[in-house]
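Here are my notes on this one, written as a walk along the chain. Keep the picture open while you read, and check each point against it.

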Amino acid sequence: MADLHRQPTRTPTRTNPITAFLSNLYTHSPNSTQMLGILTLIITVAILLFLAGITLTATVLGLIFFSPIILISSPVWIPLAIFFFVTVASVLGLCGTGLSIVAVGSWMYKYFKGMNPPGAGRVDYARSRIADTAGQVKDYAKEYGGYLQRKVKDAAPGA
């Protein structure tokens, strides 16, 4: 009876390698969204390479064409470039300094008004550490000063 319900065993059949390859390729093929992304990437890279080539060509041709003019007029360009560099650096430096002053002033205003700006706890901790250290130095100076006065009296009793 057990033999009636047994599955027939299959003998392994040889499949065509081309069919197996195509089947494997079909299961791993990208979907339409992935294909659209790849196509977009290829087109974008091609356009960017084309634009880079045009830019490089225009730069080389411009240098070839304008180099005599640049060479002849260089005594004017160098001082002019230095002047513009110093002017721009000064303006940027002043703007940066002004921005820093405004930021520090705003922080100090908030700190003294008690609004607890960021870092206020660290400032309070540093202030207490400085006050504690100053007190310890004062106490040490008093002790050490008394020690020196006793040594002076020991060395010169009449003094």
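1. Start at Ile 43, which sits in helix α2. Keep in mind that we're looking at a predicted model. Is Ile 43 buried, exposed or partly exposed? With a relative accessible area of 46%, Ile 43 is partly exposed, because that value falls between the 20% and 50% cut-offs.

2. Together with Leu 36, Leu 39, Ile 47, Leu 48, Phe 50, Leu 51 and Ile 54, Ile 43 makes up a nonpolar patch on the surface.

3. Now zoom out to the whole chain. You'll find four helices and zero strands, so reading from the N terminus the order is simply α-α-α-α. Of the 159 residues, 2% count as buried. The accessible surface comes to about 14800 Å², and carbon and sulfur atoms account for 72% of that.

4. Back to helix α2, which covers residues 32–72 and has 41 residues. From first C-alpha to last, α2 reaches 60 Å, close to the 60 Å you'd expect at 1.5 Å a residue. Where does α2 bend? Look at Phe 66: the bend there is about 50 degrees, and a proline, Pro 68, follows within four residues.

5. Spanning residues 74–113, α3 has 40 residues and reaches 58 Å between its end C-alpha atoms, close to the expected 58 Å.

6. Next, the record. An unreviewed UniProt entry places the feature "transmembrane region" at residues 38–71 and 77–105. In the model, residues 38–71 are 100% helix, with end C-alpha atoms 48 Å apart. Residues 77–105 are also 100% helix, and their end C-alpha atoms lie 42 Å apart.

7. What comes after α3 deserves a look at the backbone angles. Gly 114 follows α3 and has a positive phi, near 85 degrees. Asn 116, in the loop between α3 and α4, has a positive phi too, of about 50 degrees, although it is not a glycine. Why point that out? Most residues other than glycine have a negative phi. Asn 116 also counts as exposed, at 62% relative accessibility, because the cut-off for exposed is over 50%.

8. Last stop: helix α4, residues 120–155. How many salt bridges does a search of the whole structure find? The search turns up one, and it joins Asp 124 to Arg 127, with the closest N and O atoms 2.9 Å apart. Why can these two pair up along a helix? Asp 124 and Arg 127 are three residues apart in α4, so about one helical turn separates them. An α-helix has 3.6 residues a turn, so residues three or four places apart point the same way. Asp 124 itself is partly exposed, at 35% relative accessibility.

Key: Residues numbered from 1 in each chain as written. Predicted model: local features only at pLDDT ≥ 70, side-chain atom pairs only at ≥ 80, totals over all residues. Heavy atoms only, no water. UniProt positions renumbered as here; feature names shortened; annotations may be inferred. Expected span 1.5 Å × (residues − 1). Bend = angle between axes of the 7 residues up to and from the residue. Buried < 20%, exposed > 50% of the residue type's maximum accessible area, 1.4 Å probe, protein only. Areas by Shrake-Rupley, 256 points an atom, 1.4 Å probe, with all protein chains shown as cover. Patch = residues over 30% accessible without salt bridge, like charges linked within 9 Å, V, L, I, M, F, W, Y side chains within 5 Å. Salt bridge = Lys/Arg side-chain N within 4 Å of Asp/Glu carboxyl O.
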